[in-house]
Amino acid sequence: MRTLFSTADEEPKNSFRRWRETVFERIVPVELTAANPEAFQGTMEAAEIGPLSITRLTQSAIQTEATAETIRRHGKHDTLNVALVLSGEVASSQDDRTAIQRAGEIVVLDRRPAIMTTRTDSQTLFIEAPRERLERALGSTRRYTALTLGADQASTSLVTTFFNQLVRTYAGLPSDTADQMATIGIDLLIAGIAERLARET
């Protein structure tokens, strides 16, 4: 993955402001509140794999909130935000559901008001997944937003392992192969969500 931004390259007094600007540009406009703005550290890495936009964030404790106002400022309503937690602990809230995701776990958030909070350093892989593919297979996103795909679920492990390996190796893939790998990754994700929903039922 290529590094888009690191606070290590910035003056401490400017680092959190520049982090917010980069998140706005790369992911979506959101309200960011750092636990300690003066000591905030973060690194943003990115990959474009077929039709998928993937971002890896390594950051200090922070709260990220998508509000009705910030949602109006972006045009990514044809995608969903899939978060694979690589380290740390994330609390996610959306659609009257709140859940905790730990390392090796996954959560899906729609482009509606939502909050993600970390109380310590964390690393998360964010995938912009095609809404149409997931809704066609699984129905309304309200069934599974902020629902934890646990690390104890075999399909969750397959999804996280696949995407971690894909972001390490994608640079050597021909474009048509990258497209196929992206499709396989989304199919695995859909299978994982379907398994989780079956447990819920």
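Predicted model: local features only at pLDDT ≥ 70, side-chain atom pairs only at ≥ 80, totals over all residues.
I started with Phe16: buried, at a relative accessible area of 11%. My cut-offs, with a 1.4 Å probe and protein chains only: buried is under 20% relative accessible area, exposed is over 50%, partly exposed is in between.

Residues are numbered from 1 along each chain as its sequence is written, and side-chain values use heavy atoms, with hydrogens and water left out.

Next I searched the whole structure for aromatic pairs and got four. Rings of Phe, Tyr and Trp (its six-membered ring) pair if their centres lie within 6.5 Å; planes under 30 degrees apart are stacked, over 60 edge-to-face, the rest tilted.

I looked at Phe5 with Trp19, a tilted pair with 6.1 Å between centres and 50° between planes. This pair links distant parts of the chain, 14 residues apart: Phe5 is in strand 1 (residues 2-6) and Trp19 in helix 1 (residues 12-26). I take both elements as DSSP runs numbered from the N terminus (helices H or I, at least four residues; strands E, at least two). Phe5 and Trp19 are both buried.

Phe16 belongs to helix 1, and Phe40 lies 24 residues away in the loop between strand 2 (31-34) and strand 3 (42-49). I have Phe40 down as buried too, at 3% relative accessibility.

Putting the rings together, I get a cluster of Phe5, Phe16, Trp19 and Phe40, linked by ring pairs.
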